[in-house]
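Welcome, and please open the structure in your viewer. We will go from stop to stop, selecting a few residues at a time and looking at what is there.

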Amino acid sequence: MKLKVYADRMSQPARAVIIFCKLNGIDYEEVRVDISKLQHLTPEYSEINPMKQLPAIVDGRFKLFESHAILIYLACSYPGIPDHWYPADVCKRSEIHSVLDWHHSNLRRGPGIIYQNIISMPVIGRRFNPEAVAEGEKFLSASLSKIESFWLKDKGQFLLGGNKPSIADLSLVCDIMQLEVLDEADRDRLLGPYKKVEQWIENTRSAANPHFDEVHKILLKVKEKRQNLRLKGANNEGGGSAMKKPLLSRI
Amino acid sequence: MKLKVYADRMSQPARAVLIFCKVNGINYEEVRLDIAKRLHLTPEYAEINPMKQLPAIVDGRFKLFESHAILIYLACSFPGVADHWYPADVFERSKIHSVLDWHHSNLRPGPVTIVRNTVLAPVLGRPFNPEAAAEGEKFLSASLSKIETVWLKDNGRFLLGRNQPSIADLSLVCDIMQLELLEDSDRDRLLGPYKKVEQWIENTRNATRPHFDEVHKILMRAKAKARRQNQQLKGENHGGGGSDMKPLLSRI
């Protein structure tokens, strides 16, 4: 029985798991659970994950949720996975655990708050909250600053001075990629101050391509759709302006 | 060189690490960093943990922070640690990882939010914030409900239907113990609806005695101190103290 990965590619942690499977030749079936259609809230999905979140996996009779737990399980259970993803060395492994733990209460929250307010809340008919977005931005900047000055302080292409990526790189970069749905001006404003972070994102992308770009295509589609909707809206307001102001600055 | 554990026993994750060391006979030196005196914000401590949080460990030249990472490191690196704390079996281990991960964004913020906006507010130099505390209560109840119905759904004394404790039990119970700082009536109101949770807390406490109680003594002292301070405040505000001990939360 093939591994099943329950995912919505709009979910950052789901993307990390899918990319990991593809990169490592893990045979799996992607079961799409559309968050925007609230499919993660069905009784059927609760049987898979009673916390009603994505991703989750089913491997035979074994069910598991929480993306870090899933990534570790896959790294330990499937043959031929290079050690750099989740090293056997207890000290290196512990440092990866500490990044992943730090991530929960730090980086993960930033792009999530911004994204929720700008993208997903309007979809479900709720108004976004500019104060929440501003808080999200502050939080994000503080996290990016920590990554720049600490997790990337050593000479290496990846977190913790590594020269090959680990599951921590994949998990954190997928979170930051959520910012791709924003206008370029906003994305550049948020990421621009952090040169090491930008380089590290590029390194992770290169190491995980072509799968990284393929799995992230969905974000570019969402971004295009938003831009088209705004253009339409501008035209309806009596003549579109050629000036596309950054979304966040239009609040 | 002995393992050093940088801790303040007021910190839930620090307590989990200390209890784990004591229960497993790990030889260590506890380096006390008083959060109330901001000792975790010194440049010296930033060398140990640049995130300026507790706990952290130094084992020889190896430094590590984040309590779950520390618990796993200790379970894997020190001899004689029983397998049930962090099983070698990949399925059991993965389930424990999923509880620990869930914990970060679910149980952990609840008790913290309640106590820092009520009983610990004066110590932390913050104003009382009953609305924030109420939000914390809602959050906590949702988490306790999940523990009751999901993590404790199987017939076992501990999380995930197990009959021996793991690092997940220790970590989560230490978080819930922060509620010991509240008046008994508030604590009982918050935990009372969750019978399985109450039993599980007791099971975890019993499995790690006497160290669990010894490490948690600080909370009883902090509670008594907060009670005295609040009585004083009440006396100052009303010109003579009443003898009624209303629940702290309802006195705000």
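**First stop: two crossing helices in chain B**

Select helix H6 (residues 130-151) of chain B and helix H9 (residues 195-207) of chain B: their axes come within 8 Å and cross at roughly 80°. Axes here are lines fitted to C-alpha atoms, for helices over the stretch in contact, with angles from 0 to 180 degrees between N-to-C directions. H6(B) and H9(B) are therefore roughly perpendicular to each other. In this scheme, angles under 35 degrees count as roughly parallel, over 145 as roughly antiparallel, 65 to 115 as roughly perpendicular and the rest as oblique.

Now show the side chains where they touch. H6(B) contributes B:Leu144, B:Ile147 and B:Glu148, while H9(B) brings B:Lys195, B:Lys196, B:Val197 and B:Trp200; contact means heavy atoms within 4.5 Å. By class, the contact of H6(B) with H9(B) has four nonpolar, no polar and three charged residues. Ala, Val, Leu, Ile, Met, Phe, Trp, Tyr, Cys and Pro count as nonpolar, Asp, Glu, Lys and Arg as charged, and the others, Gly among them, as polar.

A word on what you are viewing: this is a predicted model, where local features need pLDDT of at least 70 and side-chain atom pairs count only at pLDDT 80 or more, while totals for chains, interfaces and linings use all residues. Residues are numbered from 1 along each chain as its sequence is written, chains are lettered from A and ligands numbered from 1 in the order in which they are written, and side-chain values use heavy atoms, with hydrogens and water left out.

**Second stop: chain A as a whole**

Color chain A by secondary structure and you will find ten helices and four strands. Helices (H or I, at least four residues) and strands (E, at least two) are DSSP runs, numbered from the N terminus. Along the sequence, the pattern is β-α-β-α-β-β-α-α-α-α-α-α-α-α. Of the 251 residues in chain A, 52% are buried; buried means under 20% relative accessible area, exposed over 50%, and partly exposed in between (1.4 Å probe, protein chains only).

Next, pick helix H6 (residues 130-151) of chain A with helix H8 (residues 184-191) of chain A, whose axes come within 10 Å and cross at roughly 45°. That angle makes H6(A) oblique to H8(A). Here A:Glu137, A:Leu140 and A:Leu144 in H6(A) meet A:Arg189, A:Leu190 and A:Leu191 in H8(A). Sorted by class, the residues of the contact of H6(A) with H8(A) are four nonpolar, no polar and two charged.

Then select A:Val31 in strand E2 (residues 28-32) of chain A. A:Val31 is partly exposed, at 21% relative accessibility. Beyond its neighbours within four places in sequence, A:Val31 is in contact with A:Lys4, A:Val5, A:Tyr6 and A:Ala7.

Return to chain B and select helix H3 (residues 67-77): nine of its eleven residues are buried, so H3(B) is largely enclosed by the rest of the structure. Among the buried ones are B:His68, B:Ile70 and B:Tyr73.

Move on to B:His84, in the loop between H3 and helix H4 (90-105) of chain B. Is B:His84 buried or exposed? B:His84 is buried, with a relative accessible area of 18%. Apart from neighbours within four places in sequence, B:His84 is in contact with B:Arg162, B:Gln164, B:Pro165 and B:Ser166.

B:His216 is in helix H10 (residues 211-238) of chain B and is buried, with a relative accessible area of 2%. Setting aside neighbours within four places in sequence, B:His216 is in contact with B:Arg15, B:Ile19, B:Cys174 and B:Met177.

**Last stop: cysteines and backbone details**

How many disulfides are there over all chains? The count is zero, a disulfide being a pair of cysteine sulfur atoms within 2.5 Å. The sulfur of B:Cys174 is 12 Å from the closest cysteine sulfur, in B:Cys21, too far for a bond.

Finish with the backbone. The peptide bond from A:Asn209 to A:Pro210 is cis, with omega near 5°, and a cis peptide bond also joins B:Arg209 and B:Pro210, with omega about -5°. Last, find A:Leu160 in the loop between H6 and helix H7 (167-176) of chain A; its phi is near 65°, a positive value in a residue other than glycine.
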